[in-house]
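Keep the structure open beside you as you read.

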Amino acid sequence: MGVYHEYIVPHLVNLAMRNRQLAPYRERIIRRAEGRVLEIGVGSGLNLPLYTRRATEILGLDPHPRLLAMASAKPGSVPSKLIEGSAESIPLDDGSVDTVVSTWSLCTIGDVATALAEIRRVVRPHGQLLFVEHGLSSEDRVRRWQDRLTPVWKRAAGGCHLNRPIASLVEEAGFRISEMETGYMPGPKPMTFIYEGSAYPA
């Protein structure tokens, strides 16, 4: 992986994620996290200050050391530990976390099915997966544009896929979706169809 994709693209993606439009999504999801929490794609730690005392420990996983260095400087009321690693091979024991959080991360993981299987492995039987992701639209016309744009988009945006069917992927990994809302954020429809919800091990 070149310098551009290893350092510059993650930094640009991080800046984009600061968009104020995303803050309400983050806050709604993060405040529901409880117990021992694993956050997939913690990045520069934008979510860390949002966790409440319902969480007892935060484990932040990300493959980019420079983003983890930025995350280490973020304030937070909950003890946290940052781990350099991939969601496709999570360095945690089976059934060792109560909550897994993913906010705009599943779009960039190379083998997302393996990552979700790993998430299913590490979450406890009565645990939860909380997610906010963009992905495949419910409209056929928009889906066609997402399919056309994704090959170019993922090369320019650090591997980001516009057309991943988030709900189906979560269910196929062995989760049952307990609640979910979908809809568009302001902006171009191919980039802004959002899935927000929670799921439990089936």
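Start with the sulfurs: counting a disulfide as a pair of cysteine sulfur atoms within 2.5 Å, the total here is zero. Cys160 is in no disulfide either. Cys107 is buried, with 4% relative accessibility, and Cys160 is buried too, at 8%. (Buried means under 20% relative accessible area, exposed over 50%, and partly exposed in between, with a 1.4 Å probe and protein chains only.)

A word on where this comes from: the model is predicted, so local features need pLDDT of at least 70 and side-chain atom pairs count only at pLDDT 80 or more, while totals for chains, interfaces and linings use all residues. Residues are numbered from 1 along each chain as its sequence is written, and side-chain values use heavy atoms, with hydrogens and water left out.

Now for the sheet. Seven strands make an open sheet with mixed pairing, in the order β3-β2-β1-β4-β5-β7-β6. Helices (H or I, at least four residues) and strands (E, at least two) are DSSP runs, numbered from the N terminus, and two strands pair if DSSP finds at least two bridges between them. In general, strands of a sheet pair through backbone hydrogen bonds, either parallel or antiparallel. At the edges you find β3 (80–84) and β6 (175–184), each with a single partner strand, so one side of each has no neighbour in the sheet. From one strand to the next, the twist averages 15°. Strand β2 (residues 55–62) runs parallel to β3, joined to it by five bridges, and Asp62 sits opposite Glu84 in β3.

Helix α2 (residues 23–30) touches β4 (97–103), β5 and β7 (193–201), and its direction makes about 5° with that of β7. Helix α4 (residues 112–122) touches β1 (35–40), β4, β5, β6 and β7, with its direction at about 145° to that of β5. Contact here means heavy atoms within 4.5 Å; axes are lines fitted to C-alpha atoms, for helices over the stretch in contact, and angles run from 0 to 180 degrees between N-to-C directions.

The largest one has 31 residues, of which Leu38, Ile40, Val100, Leu116 and Leu129 touch the most other members. Helix α4 gives the most to this core, with five residues. Beyond four places in sequence, Leu129 touches residues including Val100, Leu116, Ile119 and Phe175. A second, separate core has 20 residues, among them Leu22, Val42, Ala71 and Val132.

Finally, two single residues. Pro49, found in the loop between β1 and β2, is partly exposed at 40%. Its C-alpha atom is 4.3 Å from that of Gly76, 27 residues apart along the chain.

Notes. Core = buried A, V, L, I, M, F, W, Y, C linked by side-chain atoms within 4.5 Å.
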